[in-house]
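Please look over the sequence and structure first.

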Amino acid sequence: MTENHPRPADLQAFLAAAQVHPAVVALRPDYRVLLLAVDGMTPGASDDASERMLVRAESVARELLAGTAVEDLPHVTAWREAYRSFGAKPQRTRNSLEALVRRPAAGLPRVNRLTDVYNAISVIHQVPLGGEDLPAYAGPPRLVRATGHEVFETVAAGADVDENPEPGEVVWRDAVGVTCRRWNWRQCRRTQLTPQTTSAVFILDALAPLSDGALVAAGDELAEHLARLGPRVEVATRLIAPSTSTAPTAPQHRQDHP
């Protein structure tokens, strides 16, 4: 996608071309992903609405951790097992959900209203959730097992560097390179959200025991809050599951809610 303002048909086409490779399904047959393509958002700093979401998420995390270690939470445990299945060490490279759930004692980060909302939804619904700048994508997202030769653009010691994933590592990628390493561990610099982002793609990864209904509920709440970020926000969604190739929904025109 190269346009700054994708048309509704572009959102549908972008999602329709997304793929989950059979090698990933073979690794975890219980895997599903919900994709949201969104356009028409107005960038903005953290606000009262995003603050309320983060406070709610921090409360949920504290309740979950009352008497239970982070690694023993059912959804965190599932992702730790998934990481081990392709050779990653979850105690060293934590999935995005676990990293956030560990934060409430010090407070979840306040970044901007877009990032704040999707971080809060991740914690509240216990689902790893990534948000990326849609126009920065080169072709559709694909979840694959890496060859080890793909390029991952990141930062090390304050400098931009190119890394390579481990062979067999589960990664999200596009036509240029890796957009997120280790399934949902770390996103690349090229597609990261910026203070100017108006079009984005959100990736909600699910493993058992998270049900399809719970996954869709998380996506619905995310879409509801994103609808407040502009006067005419458009959202298209697609659920990809091992036994289906669900078509993307037509973009919904959503009015701003002051």
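Leaving aside neighbours within four places in sequence, Val60 is in contact with Val123 and Ile124, where contact means heavy atoms within 4.5 Å. The model is predicted: local features need pLDDT of at least 70, side-chain atom pairs count only at pLDDT 80 or more, and totals for chains, interfaces and linings use all residues. Residues are numbered from 1 along each chain as its sequence is written, and side-chain values use heavy atoms, with hydrogens and water left out.

**Helix 3 and helix 6**

- Val60 sits in helix 3; helices (H or I, at least four residues) and strands (E, at least two) are DSSP runs, numbered from the N terminus.
- The axes of helix 3 (residues 48-64) and helix 6 (residues 113-125) come within 8 Å and cross at roughly 25°.
- Helix 3 is therefore roughly parallel to helix 6.
- Angles under 35 degrees count as roughly parallel, over 145 as roughly antiparallel, 65 to 115 as roughly perpendicular and the rest as oblique.
- Axes here are lines fitted to C-alpha atoms, for helices over the stretch in contact, and angles run from 0 to 180 degrees between N-to-C directions.
- The crossing of helix 3 and helix 6 is left-handed, that is, the near helix is turned anticlockwise from the far one by less than a right angle.
- Helix 3 makes the contact through Ser50, Met53, Leu54, Arg56, Ala57, Val60 and Ala61.
- From helix 6 come Arg113, Asp116, Val117, Ala120, Ile121, Val123 and Ile124.
- By class, this contact has ten nonpolar, one polar and three charged residues.
- Ala, Val, Leu, Ile, Met, Phe, Trp, Tyr, Cys and Pro count as nonpolar, Asp, Glu, Lys and Arg as charged, and the others, Gly among them, as polar.

**Largest pocket**

- The largest pocket holds about 740 Å³ of space.
- On a 1 Å grid over the protein atoms alone, a pocket is an open set of points with protein on both sides within 12 Å along at least five of seven lines, a cavity is a set where a 1.4 Å probe fits but cannot get out, and lining residues have an atom within 4 Å of a point.
- Grid points are joined across faces, edges and corners, and a volume is the space filled by probe spheres set on the points.
- Of the 31 lining residues, Tyr118, Asn119, Trp185, Arg186 and Gln187 are the closest to the pocket centre.
- Strand 3 gives the most to this lining, with four residues.
- The lining divides into 15 nonpolar, ten polar and six charged residues.

**Cavity**

- The whole structure has one cavity of 30 Å³ or more, and the largest cavity has a volume of about 30 Å³.
- Its lining includes His75, Trp79, Gln126 and Asp205.
- Helix 4 (74-85) and strand 10 (200-206) each supply at least two residues of that lining.

- Leu27 is in helix 2 (residues 22-27).
- Not counting residues up to four places away in sequence, Leu27 touches Ser85, Phe86, Arg145, Val170 and Trp183.
- Leu27 and Ser85 are 58 residues apart in sequence and 7.2 Å apart in space, C-alpha to C-alpha.
- A cis peptide bond joins Ala208 and Pro209, with omega about 20°.
- Pro209 lies in the loop between strand 10 and helix 7 (212-226).
- Ala157 is a residue other than glycine with a positive phi, near 55°.
- Ala157 belongs to the loop between strand 5 and strand 6 (159-163).
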